[in-house]
Amino acid sequence: IITNLKLEISGNANITNNTAKDGNGGGIYFRTTHDGGALMTVSDSVKISGNTASDDNGDGTDGLGGGIYVEKGNFTLSGGNITGNTATGNGGGIYFNGKTFSISGKTDISENSKSDSANNVFLAKSKAISVADELTVSKPIGVTTETTADSSYVRIAYGNAEYTTPDKFKYENSDIDISVIEGTYSVTLIACAHNWGADWQTDSAEHWHQCTICKGKKDKAEHSGGTATCTSKAVCEVCGEAYGELDSDN
């Protein structure tokens, strides 16, 4: 399939064993003509497998998105199986360089590859996955990012904290674990080669060590120990921060 128009694929549809020879999008090529354009949706028990995108002339411009290639448009994935697809370039399963990539439901994105290496979902620079609702996966979704997590951190996904959890994803660029940055109303999953500060960071209730790269927290715990008096608060035995209330009985 190649289109720049609205595309809905649902039910038990099968898109299998197709080849984009010296091209992109072995199973589906979806590219709108302007940012924020058409929407492609894949849902239910759709099967996209055994498809291939190849760069036969070796110029590096093709062979992207063995299963699905998305450029500029919006992509919603709420079910289906995207498995066993291959690409000579990035995105063995999915190559995404669109506007929004929303995911939810019972989804299997696995065993997709680039030159025999795992490459399930490829996110172009500054792209991330929106977890829109409960996500049920039998295996973590492998994500490769164009920007690598070395001197900076890379966003993988974002959404409600209940559904957006690190166990749903795996970072395929390296063996870096996926971490969580907590926001006011949502969380962001990132890959970061953490540089943990040695000094404790504190507030009135807790202490933690902070990453100088992503500002993430580890070893977070409530203040503890020490004895409050009528003139002085208790001092935490771990970080040395005064906390709590005065004790009029002491």
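Guide: Let's start with tyrosine 95 and phenylalanine 122, which are both buried in this predicted model.

Visitor: What makes tyrosine 95 and phenylalanine 122 a stacked pair?

Guide: Their ring centres are 5.2 Å apart, and a pair needs centres within 6.5 Å. The planes make 15 degrees, and stacked means under 30 degrees, so this pair gets the label stacked.

Visitor: Why would you say that the pair ties parts together?

Guide: Tyrosine 95 is in strand 11 (residues 94-97) and phenylalanine 122 is in strand 15 (residues 121-123), so the pair links parts 27 residues apart in sequence. Tyr95 and Phe122 also belong to one aromatic cluster with Tyr29 and Tyr69.

Visitor: Why is the pair of phenylalanine 96 and phenylalanine 101 called tilted?

Guide: The centres are 5.1 Å apart, with 40 degrees between the planes. Stacked needs under 30 degrees and edge-to-face over 60, so 40 degrees leaves tilted. Phenylalanine 96 and phenylalanine 101 are both buried. The count of aromatic pairs comes to 5.

Visitor: How do you know that cysteine 236 is in no disulfide?

Guide: The nearest cysteine sulfur, from cysteine 239, is 3.8 Å away. Searching the whole structure gives 0 disulfides.

Technical notes
Residues are numbered from 1 along each chain as its sequence is written. This is a predicted model: local features need pLDDT of at least 70, side-chain atom pairs count only at pLDDT 80 or more; totals for chains, interfaces and linings use all residues. Side-chain values use heavy atoms; hydrogens and water are left out. A disulfide is a pair of cysteine sulfur atoms within 2.5 Å. Rings of Phe, Tyr and Trp (its six-membered ring) pair if their centres lie within 6.5 Å; planes under 30 degrees apart count as stacked, over 60 as edge-to-face and the rest as tilted. Helices (H or I, at least four residues) and strands (E, at least two) are DSSP runs, numbered from the N terminus. Buried means under 20% relative accessible area, exposed over 50%, partly exposed in between (1.4 Å probe, protein chains only).
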